[in-house]
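I am opening a new page in my notebook for this structure, and I want to note what I look up, step by step.

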Amino acid sequence: MRMESDIKLDFKDVLIRPKRSNLSSRKNVSLDRTYHFKYSNKEWNGIPIMGANMDGVGTFGVAKEMEKFKLFTCLVKSYNIDDFQHQQLNPDYFAISTGIGKKDYSRLQQILRENPNFQFICIDVANGYSEAFGDFVSKVRKEFPKHTIIAGNVVTADMTQELILRGADIIKVGIGPGSVCTTRIQTGVGYPQLSAIMECADAAHGLGAHIIADGGCTSPGDVAKAFGAGADFVMLGGMLAGHDEGGGKIITETYLTGLFNEELNRPEYDKRQFVEFYGMSSDTAMDKHHGGVADYRSSEGRTVRIPYRGPLAKTVKNILGGLRSTCTYVGAPTLKQLSKCTTFVRVTKQFNDVFVE
C-alpha cells in the first residue's frame, strides 16, 4: 500500500478567474478547432464536443443533430451492420464504438468492410488498464492503419502514454465521474476528473496525441473547465440525454398541485414528463444488451428518470453559448486559446444555491 498525498481536484473544486479582455461580444469567439491525428494522419475540423456512446445519447438521431453544429457523436455499440445501411451521416462527425471481445471485433470488421468511408473507431471499456485492452488497441491499429482510433477509459499519465504507443490517436479520460456511473461506489476506484484531464493531457500532448474528457460535466461551466484544463474534446452523456433525438420512451406522470379548482370543484393536477437514462454498466443496460448481469460481476451504473427536454438543438446552443461566454471572460478569442488564458482558483462553493430546489 502507498498513499499519494498531493491534492487532486474535480470541477466543483475550482472556478476560472476572469481576466482583462478585448472581446466585445460572444459572437466574436470561434469554437472551431482543427486537429491532426498522430497515426491516421487525418485532419479534423469542428467544435470538439462529443455525445457519449450511451443509450439515449449515442444514437443516429443525436448524431444527425450534432453534426449540424459540427459536433461529434460516438455511436452505441449495439448498432449492427444492417442499422447503418440507410443512415446518411457525415463520417467526419461520428465514431463506430466497439468492445474488445471476439464478437465485437468481428462486428467492427464487418461494418468497416461494408462502409470504407467510416473514419473513426472508438474502442471503449470501463477499465482501460488491462493488458488485453492494450493488445486489442494494437491489433486494431495494425488492421486499420488509416483510421483514427479513440481508446479508453484511463485517468493517469502512464496509461495514457501506453495506449498512445499502442496505436491510439485519442485517449478517453475518466473513471467514475459520470452522473449514472457507480464505479466509485462499487469499487472505490477513480480519480478526480479535473486533475485527470490535466495530467493525461500533458502526457498525450507530449506524444503528439489528444484526449477526451469523458464524464463529470453537469453544466456548460464544467465543459469550459474541461477545455481550460487541457482537454482536446469533451464528451457528454447526461447533459445530452432526455431529448427527442435520443429515442427514449417518454414517461408522463400526474401530480397533485395542492391547489383546488373552485369552478370545477376538484383538486388541480400537473403533468410532468420524464425519460429513463442509465449507465451502460447498469442492470438496465445489461438486461437489454447482454441478457442480464453476469454472476461474476455487479452493476456499476444507476438508472434514473430525467426531465424530458424536447429538441436537442436548444441544449446544444446553451452549451455553446456558455463556452463562448467563458472565452470572453478570460480574453480568449478562440477555443484553442482558452487553456492558455485559464487560471483556476480553488473554492469551497460554486454558486449561491438558496433558491435551487
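Before counting charges, I note that Lys and Arg count as positive and Asp and Glu as negative, while His and the chain ends are not counted. The model I am reading is a predicted one. With that rule I looked up the charges, and the protein chain has 43 positive and 40 negative side chains, with the centres of the two sets lying 6 Å apart.

Next I turned to the overall fold. I found 10 helices and 15 strands in the secondary structure of the protein chain. The radius of gyration is 21 Å, close to the 21 Å that the globule rule gives for 357 residues, so I can call the chain as compact as a globular protein of that length. Taken along the principal axes, the box that the C-alpha atoms fill is roughly 75 × 55 × 50 Å.

Then I looked at contacts and surface. Of the contacts between residues at least 6 apart in sequence, 64% join residues at least 24 apart. Buried residues make up 49% of the 357 residues, and the chain exposes about 18000 Å², of which carbon and sulfur atoms supply 49%.

Last, I picked out a single residue. Where does Gly-321 lie? I located Gly-321 in helix H9, which covers residues 312–330.

Methods. Residues are numbered from 1 along each chain as its sequence is written. This is a predicted model: local features need pLDDT of at least 70, side-chain atom pairs count only at pLDDT 80 or more; totals for chains, interfaces and linings use all residues. Side-chain values use heavy atoms; hydrogens and water are left out. Helices (H or I, at least four residues) and strands (E, at least two) are DSSP runs, numbered from the N terminus. The radius of gyration is taken over C-alpha atoms; the globule rule is 2.2 Å times the number of residues to the power 0.38. Buried means under 20% relative accessible area, exposed over 50%, partly exposed in between (1.4 Å probe, protein chains only). Contact means heavy atoms within 4.5 Å. Accessible areas come from the Shrake-Rupley method with a 1.4 Å probe; for residues, only the protein chains shown count as cover. The place of a charge is taken as NZ of Lys, CZ of Arg, CG of Asp or CD of Glu.
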